[in-house]
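Please look over the sequence and the 3D structure below. The report that follows takes up the surface, the charged pairs and the aromatic rings in turn.

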Amino acid sequence: MKKITNVFWVSVALVLLAVGYGAIAPTSFEEATSNLQGAITTSVGWYYLLIVSIMVLFCLFFLISPMGQIRLGKDKEKPEYSMVTWLSMLFSAGMGIGLVFWGAAEPLAHYAVNPATAEPGTAEAFRESMRFTFFHWGIHAWAIYAVVAMALAYFQFRKGEPGLISSTLRPIFGDKMKGPWGVLVDVIAVFATVVGVATTLGFGAIQINGGLAFLIDGIPGDSYPVQIIIIAVVTVLFMFSAWTGLSRGIKYLSNTNMVLALTLLALVIILGPTLLIFNTFTDSIGSYIQNLPRMSFRAAPVDPDQRAWIDGWTIFYWAWWISWSPFVGIFIARVSRGRTVRQFLAGVLLVPTVISFLWFSAFGSTAITVQNSGIDLTELLTEETLFAVFGQLPFGILLSIVAVLLITTFFVTSADSATFVLGMQTTNGSLQPPNAIKLTWGLAQSLIAVILLSADGLNALQSALIIAALPFSIIMLLMMVSFYKAMSLEYQATKRK
């Protein structure tokens, strides 16, 4: 068995402390984490806006730079996975269940509940709702993931370093990353992964519960016993997938995810307001590109109401994506071996972004159309919104069944990918972590979700995840410096040959 490192034991201790606090004193835990999260988003929101914009520019630089021809692997190495499978895997890990959860709910919230600047329910609020949803789920989110994944893949597959976050910092810190400082960096990454996936398991169980309650009479909505059963079933599925390995379980699940997602998207486009969907998609892309610089740096320093909206949505999303970037970045790096930097960035930045835009155009436009027909969707819980929209469409039961299946497969893939990443991180970057380690982390994540659902502590854990984003954002800045330094030296050496 691969050696279990100090990162494993320190991470387990931190997770146990956080979960124990959340289970024993949920009110105190939620209050403490919420206050700290609020202080961070208010005080350093400007920093998040700047650093994420820098990440976008950093990725665009390497996309067009001559350095983009350097391969994330040896010079003649070929990609390990086909283009379709690769895109499916990174898309499933990168967005997954969030697209289903927020596909109808976020545009609706920006339109009818709390628009960024417009009056609720107006044509301007509709345009604004799609533009800001595109902004939150577009290139900025994928640039955050790309920075981590690109650096990891380069150092691991081209330079032969262990697949650890700490390994990417050796060009600027040298062997210090092999000691306590390296352990600290990797522990932050593992903690963010465990907490993030456990939170997703909890929220995923809540949404599947909502979908089953909509489909089957007698199943109560928002039921803790039902959610425990859901987590138990999903745990068996993803642990079986983790046991079969990356090239079988996760590969097949990711391809299944893509087929189900495209099927559901096509059905909504056909059965929903088709013309409005395509017009919204086209118009919103133009509005997104036109307003991208302004949205990227919009801080509203003298408008408290607009500032509160930015803190609650944009800053929250940037911190959320940063906190997820260790998990998603490590996984994307693992499946991107053999691609050039340019191929990698084109795939990671552009393809998922376009699919996300079409997704939100379809689900958001349909939800807003239902809202304008006189049915108030804003009174529903977030996890119920999608199924209420389907209830107003032809073949609504079929759509809901496909959606529940999609949520489940996304659910399984996210947990499966996370167990793989956690296994890597706690066995010194092993590309094939032992099944016992993967299953240990998988079971731990499910137990954490169950405990926190019982204590109503998921929101507090979500706040803890946002707090963890702040130190990791500093690590990401250092990763960019380190990656640029290493790439520049290699490119200069290549030119001299």
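## A nonpolar patch on the surface

Trp46, Leu50, Ile54 and Phe297 make up a nonpolar patch on the surface, with about 410 Å² of accessible area together. Such a patch consists of residues with over 30% relative accessible area and no salt bridge; nonpolar side chains (Val, Leu, Ile, Met, Phe, Trp, Tyr) are joined within 5 Å, and like charges within 9 Å. Accessible areas come from the Shrake-Rupley method with a 1.4 Å probe, and for residues only the protein chains shown count as cover.

Helix H3 (residues 45-64) supplies the largest share of the patch, three residues. Helices (H or I, at least four residues) and strands (E, at least two) are DSSP runs, numbered from the N terminus. Phe297 is found in helix H13 (residues 274-297). It counts as partly exposed, at 45% relative accessibility; buried means under 20%, exposed over 50%, and partly exposed in between (1.4 Å probe, protein chains only).

## How the model is read

The model is predicted: local features need pLDDT of at least 70, side-chain atom pairs count only at pLDDT 80 or more, and totals for chains, interfaces and linings use all residues. Residues are numbered from 1 along each chain as its sequence is written, and side-chain values use heavy atoms, with hydrogens and water left out.

## Salt bridges

A salt bridge is a side-chain nitrogen of Lys or Arg within 4 Å of a carboxyl oxygen of Asp or Glu. By this rule there are nine salt bridges. One of them joins Arg158 and Asp75, with the closest N and O atoms 2.7 Å apart. This pair links distant parts of the chain, as Arg158 is in helix H8 (residues 139-158) and Asp75 in the loop between H3 and helix H4 (83-94), 83 residues apart. Arg158 is buried, at 14% relative accessibility, whereas Asp75 is exposed, at 59%.

Glu490 also forms a salt bridge with Arg158, where the closest N and O atoms are 2.3 Å apart. Glu490 lies in helix H19 (residues 458-496) and Arg158 in helix H8, so this pair ties together parts that are 332 residues apart in sequence. Salt bridges that share partners join Asp75, Arg158, Lys159 and Glu490 into one network.

## Aromatic rings

Rings of Phe, Tyr and Trp (its six-membered ring) pair if their centres lie within 6.5 Å; planes under 30 degrees apart count as stacked, over 60 as edge-to-face and the rest as tilted. The count comes to 35 aromatic pairs. Among them are Tyr154 and Phe155, whose ring centres are 5.2 Å apart and whose planes are at 80°, so the pair is edge-to-face. Tyr154 is buried, with a relative accessible area of 0%, and Phe155 is buried, with 4%.
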